[in-house]
Amino acid sequence: MTDFEKALAIMEERFGRDRMISLATAVDNLPSVRDVNGYYRDGAFYIVTHALSGKMRQIAQNPRVAISGEWFSAHGLAENLGHVLKEENRELISTLRQVFSSWYHNGHVDESDPNTCILRVRLTDGVVFKNGTRYAVDFAQLNT
């Protein structure tokens, strides 16, 4: 198994379920960071959020973001995939409802609100540590 494959396996193991991660945005040289529930799959994190939130307004101005959590940090490009009930999101939201089941339906998410959306952060590069080993990850390799 290559180091790249090991790193991806670590990512799936750690973040392939509901995990608290830190998401950083920056606009006009002013960084902001907040904790969000995220789910990792195939080189990207998925977050259910609100299109009018501060993070989404900042991402609209500058889609370059950073993520960190559990001995992992990375850069990525964020994009609003649109409303959670959009036809193109049907399969993804089904997965996210299951992944986030501990809180999704407790009043935290209003699927009837047209601004409830899915944020995808496609990772570009990152570093993950496990058992004292550092793995640098070029997520672009997933697209080749």
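Reader: Which residues does Val 121 touch, not counting residues up to four places away in sequence?
Author: This is a predicted model, in which local features need pLDDT of at least 70 and side-chain atom pairs count only at pLDDT 80 or more, while totals for chains, interfaces and linings use all residues. Residues are numbered from 1 along each chain as its sequence is written, and side-chain values use heavy atoms, with hydrogens and water left out. Taking contact to mean heavy atoms within 4.5 Å, and setting aside residues up to four places away in sequence, the residues that Val 121 touches are Leu 23, Gly 43, Ala 44, Phe 45, Val 65, Ile 67, Gly 76, Leu 77 and Ala 78.

Reader: Which residues have the most contacts inside the largest nonpolar core?
Author: A nonpolar core is here a set of buried Ala, Val, Leu, Ile, Met, Phe, Trp, Tyr and Cys residues joined through side-chain atoms within 4.5 Å. Buried means under 20% relative accessible area, exposed means over 50%, and partly exposed lies in between, with a 1.4 Å probe and protein chains only. The largest such core has 27 residues, and those with the most contacts inside it are Phe 45, Phe 72, Val 121 and Leu 123.

Reader: Which helix gives the most to this core?
Author: Helices (H or I, at least four residues) and strands (E, at least two) are taken as DSSP runs, numbered from the N terminus. With six residues in the core, the element made of residues 3-15 gives the most, and this is helix 1.

Reader: How many residues are in the other core that lies apart from it?
Author: Among the members of this other core are Ala 44, Val 48, Phe 100 and Tyr 104.

Reader: What arc around the axis do the buried residues of helix 1 cover?
Author: The buried residues of helix 1 are Phe 4, Ala 7, Leu 8, Ile 10, Met 11, Arg 14 and Phe 15. The arc is that of the directions from the helix axis to the C-beta atoms. These residues lie on the same side of helix 1, because the arc that they cover is only 155°.

Reader: Which strands do the buried residues of helix 1 pack against?
Author: The helix is defined as residues 3-15, and its buried residues include Phe 4 and Phe 15. The strands against which they pack are strand 1, strand 2, strand 3, strand 5, strand 6 and strand 7 (133-138).

Reader: Within what arc do the buried residues of helix 2 fall, seen down the axis?
Author: In helix 2 (residues 54-61), the buried residues are Lys 55, Met 56 and Ile 59. They line one face of the helix, because seen down its axis they fall within an arc of 95°.

Reader: Which exposed residues does the face of helix 2 turned away from its buried side carry?
Author: What covers the buried residues of helix 2 includes strand 1, strand 2, strand 3, strand 4, strand 5 and strand 6. On the face turned away from that buried side, the exposed residues are Arg 57, Ala 60 and Gln 61.

Reader: What is the bridge partner of Arg 19 in strand 2?
Author: Two strands pair if DSSP finds at least two bridges between them, and strand 1 and strand 2 pair in the antiparallel sense over nine bridges. In strand 2, the bridge partner of Arg 19 is Gly 38.

Reader: How many residues apart are Glu 70 and Arg 19, which meet in a salt bridge?
Author: A salt bridge is a side-chain nitrogen of Lys or Arg within 4 Å of a carboxyl oxygen of Asp or Glu. The side chains of Glu 70 and Arg 19 meet in one, at 2.9 Å from N to O. Glu 70 sits in the loop between strand 4 (64-68) and strand 5 (72-83), and Arg 19 in strand 1 (residues 19-27), so that the pair links distant parts of the chain, 51 residues apart.

Reader: Which residues are linked with Glu 79 in a network of salt bridges?
Author: Arg 122 forms a salt bridge with Glu 79, the closest N and O atoms being 3.1 Å apart. Because Arg 122 lies in strand 6 (residues 116-130) and Glu 79 in strand 5, this pair ties together parts that are 43 residues apart in sequence. In the network, the residues linked with Glu 79 are Arg 120 and Arg 122.

Reader: What is the phi of Asp 42?
Author: Asp 42 is found in the loop between strand 2 (30-41) and strand 3 (44-50), and at 62% relative accessibility it counts as exposed. Although Asp 42 is a residue other than glycine, its phi is positive, near 50°.
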